[in-house]
Amino acid sequence: MTMIADEGAQELRPRSELTAREVMREVGAVLRLSEAEAAKLGDLPEDPDEDQTMVINMGPSHPSTHGVLRLMLELQGETVLRCKPIIGYLHTGMEKTGEQLTFMQGGTNVTRMDYASPLNNELVFSMATEKLLGIDGDIPERAQWMRMLLSELNRMSSHLLFMATNGMDLGAVSMMIYGWREREEVLRFFQKVTGLRMNHNFVRPGGLAADLPAGWRDDVLRILDMLPERLEEYDILMTGQPIWRERLQGVGVITPAEALALGATGPILRSTGVEWDLRRDQPYLRYDEVEFDVVVGTYGDAFDRYAIRLAEIRESMRIVRQILDRMPEGDYRIQDKKVTPPPRARIDESMEALIHHFKIFTEGFKVPEGEVYVAIESPRGEIGCYIASDGSPTPYRMHVRAPSFVNIQCLPHMMRGGLVADAVAVISSVDPVLGEVDR
Amino acid sequence: MIAAVPMVDPVLDTDDWWWQPLAVVGLKVLVIFIIGLVGTMFMVWFERKIVAGMQNRVGPNKAGPFGLLQTLADGTKLFFKEDLIPDRADRMVFRIAPFLAFVPAFLVWAVIPLGGDFTGGRDGTVTWFGETTRVQLADPPVGVLLVLALSSIAVYGVMLAGWSSGSKYPLLGSVRASAQMISYEAALGLSLAAVLMTAGTLSTSGIVANQSSITNWHLLSTGVVPFVIFLIAMTAELNRPPFDLVEAEQELVGGFHTEYSSIRFALFFLAEFMNVISMSALLVTLFLGGPQPLYLGGVDVLAFLGPFGGTAWLLAKVFIFLYVYVWFRATLPRLRYDQLMNLGWKVLIPIALGWFLLLAVLQVGRDRNVGQTGYVVLVVASLAVLVLCYLLFQAALAVARRNRESEGAAY
């Protein structure tokens, strides 16, 4: 095997150069399993000769690796024997950049991580900052409900994007357009609210950047009225389609124990039947006041993950309807002089307000010393934000626990023994966002 | 050369001026070549437009009226692009492969009756400019076999293209291609055999002449099943969705043509679309009476077109299938490799074989004049054989499954 590109330890190397432990990991054994279980997984029927296998690079530029994920697959015929995900092609040092940006500016940075659900990123960063500031209990009601509204709509748009890419990866090319079409409706609403389709920087420490625009309720209702019908169409095109089922059922199976050992969260964990949803199990915002079901699967296969996401769109719609009914009046951000810039009108009248405004956007606000970890349920699983502060206006260290990054660990395990076509289905069903993986 | 003309077209009168038959054949070659190219061009446009419509898009609309010239523009663009040959490629084979795919796609046109007057025992001949001839380039007695042979050659094009690229994805594509096309050729051939048996001839014009009215269409006279099998096998043979594993953009990037660029890629592209048209035409020829008119209330509604009526009917019927293929593409997800093989070997071939047996029995009964009781005996006996075969088949599958499990092939 000749190596042209070298990614160091990330490369898939010939079996002869590896220890038994490394081979086991690459064929998809889960480290925290018992010795016997791990040995069983590592125990290949026959150790194939090097000249019978082919190492193939899938990515970093490949139509179905969702951006720049690179997989090295060891194939025997079309069967995947080993798999190693190689990451870092989209690494832009966002966590390090986060240390240079003030807490006020941090939102622009984190929103670019999981670009399919930016509002969730901003939300978790803002919540972590608020917790450090000690103002997490004082966020106005309306801000909380608005955050929830945006978060749920973002979940819908993210899952709709999944519907599109999952369909496309399995060859149902029309699905790609349909998924995008529906997602676009949601994004259009975001654009109206935040000014941008993606990378909004709308959820900020202390509340939100602005109030909801006039007529927002009608816009949301229009989305809610349009979607159920379209989701029925998805059911016809995909859920009930025999080829679709054949392609997904029993593919990329993972058991609850394995999923937990690998740290998988979100739809991947729920597909195995583990009921774990931070919205219900560690309620944040006002999720304890709305009614929704945590959708779980049974078999832990790609079809379950697809079905869960489809059902979660419906659950999110249910939550959004409740939010519409209960959206309180009031302020959309905390009236704390420390973190809230003064209203626009005050700047014209008061010198102090002008200075305050200038200071808050150039220097930012100082955050007390301490460290904090806040986790919420993003469409991909548990997204967590760890911030250590040394009392300055910028974080001393910021780390984001990215669900995609952790979920990607499952790939070797899920792909083991599948065909190349299954590998594509598995990547798609994990639904990684590479911006978040590499950060 | 002139002596060869009667072999190509037996109806042609060679006693005329020596150049006349040659001119007729030459003209037909030219017309078919042009029609083939232009038809392919519009097929690409048609597909893009229909798929766009199904996907809420506009589709090509800039080049020419309704974007009709889009393919021409794309072709011109491709023609002027750099023709890359990978370092590790087998240069000779890499260069030849596109032609191996492209030429057979064209040649199929030669034996397809493109029109003609099949009424009143005219046997599909027309008299144009004093020459009595068929509206088809050649009518060899082995017409249908020629088509099968050509489609087998086309497999080489795809296979060699992938193999000679010296790259991994194309290699996987070519392995898939050879396995897929060879296995589906079996099902294709078996469903074809049903038609040939009913028609009693291999000549394409003979097959068309045999389907004089809708009840005689082989679609009905062979009992629909061969038609369905032919349609499915043909889709696989054409590498069209949902059987486009050979290209499988999402898995193999482009499959066998990943490394191809410029006009060589365009040749593969053209070959694929041309195959779609020519195989649809073959399907219509075999099962739907080709240029035979469909009498609605005893009237040929396209009779006013005169000698072009047959061609119009053929086009109308072919269009249905062109649309069906586009429809498949817009709707269905792709099958996986093993599922494709299962469908081919475990479903299509056994059914085609069984149905062929049944038709053969009926044919024998008809030929021998066995009478009603004879028929019953024959049918019951053949059904018994079929049931036996089915049971054996299931047993074989079960044994194979057990073996696989006991060998511990976890994969």
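Reader: Which residues have the most contacts inside the largest nonpolar core?

Author: The model is a predicted one, and its largest nonpolar core has 217 residues. Helix H11 (residues 262-287) of chain B gives the most to this core, with 18 residues. The residues with the most contacts inside the core are Val426(A), Ala101(B) and Ala233(B).

Reader: Which residues is Val426(A) in contact with, leaving aside its neighbours within four places in sequence?

Author: With those neighbours within four places left aside, the contacts of Val426(A) include Leu411(A), Met414(A), Met415(A) and Gly418(A).

Reader: Which element gives the largest share of the side of domain 1 of chain A that touches domain 2 of chain A?

Author: The contact between these domains takes 26 residues from domain 1 of chain A and 25 residues from domain 2 of chain A. On the side of domain 1, the elements that give two or more residues are helix H16 (403-407), helix H17 (410-415), helix H18 (420-430) and helix H19 (434-438) of chain A. By class, that side divides into eleven nonpolar, ten polar and five charged residues. The largest share, seven residues, comes from H18(A).

Reader: How many nonpolar, polar and charged residues does the side of chain B that touches chain A have?

Author: The contact between the chains takes 27 residues from chain A and 26 residues from chain B. Among the elements of chain B that each supply at least two residues to its side are helix H6 (168-199), helix H12 (309-331) and helix H13 (337-368). By class, the side of chain B that touches chain A has 13 nonpolar, six polar and seven charged residues.

Reader: What distance does helix H2 of chain B reach from its first C-alpha to its last?

Author: Helix H2 of chain B runs over residues 19-54 and has 36 residues. At 1.5 Å a residue, the expected span is 52 Å, and the helix comes close to that value. From its first C-alpha to its last, H2 of chain B reaches 51 Å.

Reader: Is Ile32(B) buried or partly exposed?

Author: Ile32(B) lies in helix H2 of chain B, and, leaving aside its neighbours within four places in sequence, it is in contact with Trp109(B) and Leu137(B). The C-alpha atoms of Ile32(B) and Leu137(B) are separated by 7.8 Å, although the two residues are 105 residues apart along the chain. A residue is buried if 20 or more other C-beta atoms lie within 10 Å of its own. Because Ile32(B) has 19 other C-beta atoms within 10 Å, it is partly exposed.

Reader: What is the phi of Phe66(B), and is the residue buried or partly exposed?

Author: Most residues other than glycine have a negative phi. Phe66(B) lies in the loop between H2 and helix H3 (70-79) of chain B, and it is partly exposed, with 13 other C-beta atoms within 10 Å. Although Phe66(B) is not a glycine, its phi is positive, about 55°.

Reader: Which residues are joined by a cis peptide bond in chain B?

Author: Most peptide bonds are trans, whereas here omega is about 0°. One of the two residues, Pro242(B), lies in the loop between H9 and H10 of chain B. The cis peptide bond joins Pro241(B) and Pro242(B).

Reader: Where in chain B is confidence lowest?

Author: The mean pLDDT of chain B is 81, and 88% of its residues reach 70 or more. Confidence is highest in helix H9 (residues 225-237) of chain B, at 89. Where pLDDT is low, the predicted coordinates should not be read in detail. The lowest confidence, a mean of 57, is in helix H1 (residues 5-8) of chain B.

How values were computed
Residues numbered from 1 in each chain as written. Chains lettered and ligands numbered in written order. Predicted model: local features only at pLDDT ≥ 70, side-chain atom pairs only at ≥ 80, totals over all residues. Contact = placed C-beta atoms within 7 Å. Helix = DSSP H or I, 4+ residues; strand = E, 2+ residues; numbered from the N terminus. Nonpolar A, V, L, I, M, F, W, Y, C, P; charged D, E, K, R; others polar. Expected span 1.5 Å × (residues − 1). pLDDT = per-residue confidence, 0-100. Buried ≥ 20, exposed ≤ 12 C-beta atoms within 10 Å, placed from the backbone. Core = buried A, V, L, I, M, F, W, Y, C linked by C-beta atoms within 7 Å.
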